[in-house]
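Subject: Handing over the structure

Hello,

Here is the structure I promised to pass on to you. Have a look at it first, and then read on for what turned up in it.

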Amino acid sequence: MFNPFSLEGKTILVTGASSGIGRQCAISCSQMGAKVVIIGRNEDRLKETESQLEGSGHLVISYDLTDLKHQKELVVDIVNKMGLIDGLVNCAGISTTLPYKLMSPGKVDEFFKTNVFATIELTRQVLGVKNVNKQGASVIFFASVMGVVGENAKSLYSFTKGALISGCRSMAIEYATKKIRINVISPGVVETAINKNQPYLADPDRRKVTESLHPLGIGTTEDIANACIYLLSDASKWITGQNLIVDGGYTIK
């Protein structure tokens, strides 16, 4: 039966795959038939992700993406082992709640190096002419609703996510002739193993406030992974340069 969302025959790279949204994106990609390359810093947690992947032929790589100098070697090794790349899902990133007055040059450098510099350099290396499928490919950046709306003590995080959203548009134009689509997914609050113990979810009263800000309630990692599948698949072959907000209605209030 025809399935426009199928990823059969595709090779997909997923960063930040050791937990949370990245892990679920990797799992969902495998469920849709893709060979998945999972990248993260924690090898033990990557192995946990690998154990949940469906099918075979996947690749696990423990690597710190802030090591920019060796990213080219990383990508060459992946292509040698897995063949040409059909999709890149940039999930790796860090978050914080930090008042603007407490920001420092060191903290700004840390966040931009992880959330922006590492991501755009990996993408640059992946999009080399010898690395991607000549029939077309899809790149997904992960931003946040904090890249398009404001929130108290979220300036630093918002700076980094806004950069990805803005850069995506120009990249999409530049790579359209090569049939490479560049898009962004911006999630609202999604419950993960890491953040479920945070006060805004763990404390019953604060959780009610968080839920009230999302008309459809708090999201799941599957909600975001499903959007990821769409943008990686041929079902979205006429979509590029867009910021897909998946937030349960947070930004419409």
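Leaving aside its neighbours within four places in sequence, which residues is Ile182 in contact with? They are Leu127, Val139, Phe141, Cys168, Met171, Ala172, Thr240, Gly241 and Gln242, where contact means heavy atoms within 4.5 Å.

A word on the ground rules before the rest. This is a predicted model, in which local features need pLDDT of at least 70 and side-chain atom pairs count only at pLDDT 80 or more, while totals for chains, interfaces and linings use all residues. Residues are numbered from 1 along each chain as its sequence is written, and side-chain values use heavy atoms, with hydrogens and water left out.

**The cores**

Ile182 also matters for the next point. In the largest nonpolar core, which has 32 residues, Ile78 and Ile182 touch the most other members. A nonpolar core here is a set of buried Ala, Val, Leu, Ile, Met, Phe, Trp, Tyr and Cys residues joined through side-chain atoms within 4.5 Å. Buried means under 20% relative accessible area, exposed means over 50%, and partly exposed is in between (1.4 Å probe, protein chains only).

At least two residues of this core come from each of strand E2 (35-40), strand E3 (59-62), helix H3 (71-82), helix H4 (105-126), strand E5 (137-142), helix H5 (155-175) and strand E6 (180-187). Helices (H or I, at least four residues) and strands (E, at least two) are DSSP runs, numbered from the N terminus. H5 gives the most to the core, with six residues. There is also a second, separate core of 27 residues, and among its members are Ala34, Leu46, Val89 and Val190.

**Strands**

Strands E1 and E2 run parallel and are joined by five bridges; two strands pair if DSSP finds at least two bridges between them. E2 is largely enclosed by the rest of the structure, because five of its six residues are buried.

In strand E3 you will find Val60, which is partly exposed at 22% relative accessibility. Not counting residues up to four places away in sequence, Val60 touches Ile38, Leu46 and Glu50.

Beyond four places in sequence, Thr119 is in contact with Asn90, Ala92, Thr114, Phe141 and Leu164. The C-alpha atoms of Thr119 and Asn90 are separated by 6.5 Å, although the two are 29 residues apart along the chain.

Ser158 belongs to helix H5 and is buried too, at 17% relative accessible area. Once neighbours within four places are set aside, Ser158 is in contact with Met146 and Gly147.

**Rings**

How many aromatic pairs are there? The rule is that rings of Phe, Tyr and Trp (its six-membered ring) pair if their centres lie within 6.5 Å; planes under 30 degrees apart count as stacked, over 60 as edge-to-face and the rest as tilted. By this rule the count comes to two. The ring centres of Phe5 and Tyr230 are 6.3 Å apart and the planes are at 45°, so this pair is tilted. Phe5 sits in the segment before strand E1 (11-15) and Tyr230 in helix H8 (residues 221-232), so the pair links distant parts of the chain, 225 residues apart. Both are partly exposed: Phe5 at 37% relative accessibility, Tyr230 at 27%.

The rings of Phe112 and Phe117 also form a tilted pair, with centres 6.1 Å apart and planes at 45°. Phe117 is partly exposed, with a relative accessible area of 37%.

Elsewhere, Lys154 lies over the face of Tyr157, 5.2 Å from the ring centre. A charge sits over a ring if NZ of Lys or CZ of Arg is within 6 Å of the ring centre and within 35 degrees of the ring normal.

**Cysteines**

The structure holds zero disulfides, a disulfide being a pair of cysteine sulfur atoms within 2.5 Å. For Cys91, the closest cysteine sulfur is that of Cys25 at 4.2 Å, which is too far for a bond. Cys228 is in no disulfide, and the nearest cysteine sulfur, again in Cys25, is 4.0 Å away. Cys91 is buried at 16% relative accessible area, and Cys228 is buried at 0% relative accessibility.

Happy exploring, and best wishes
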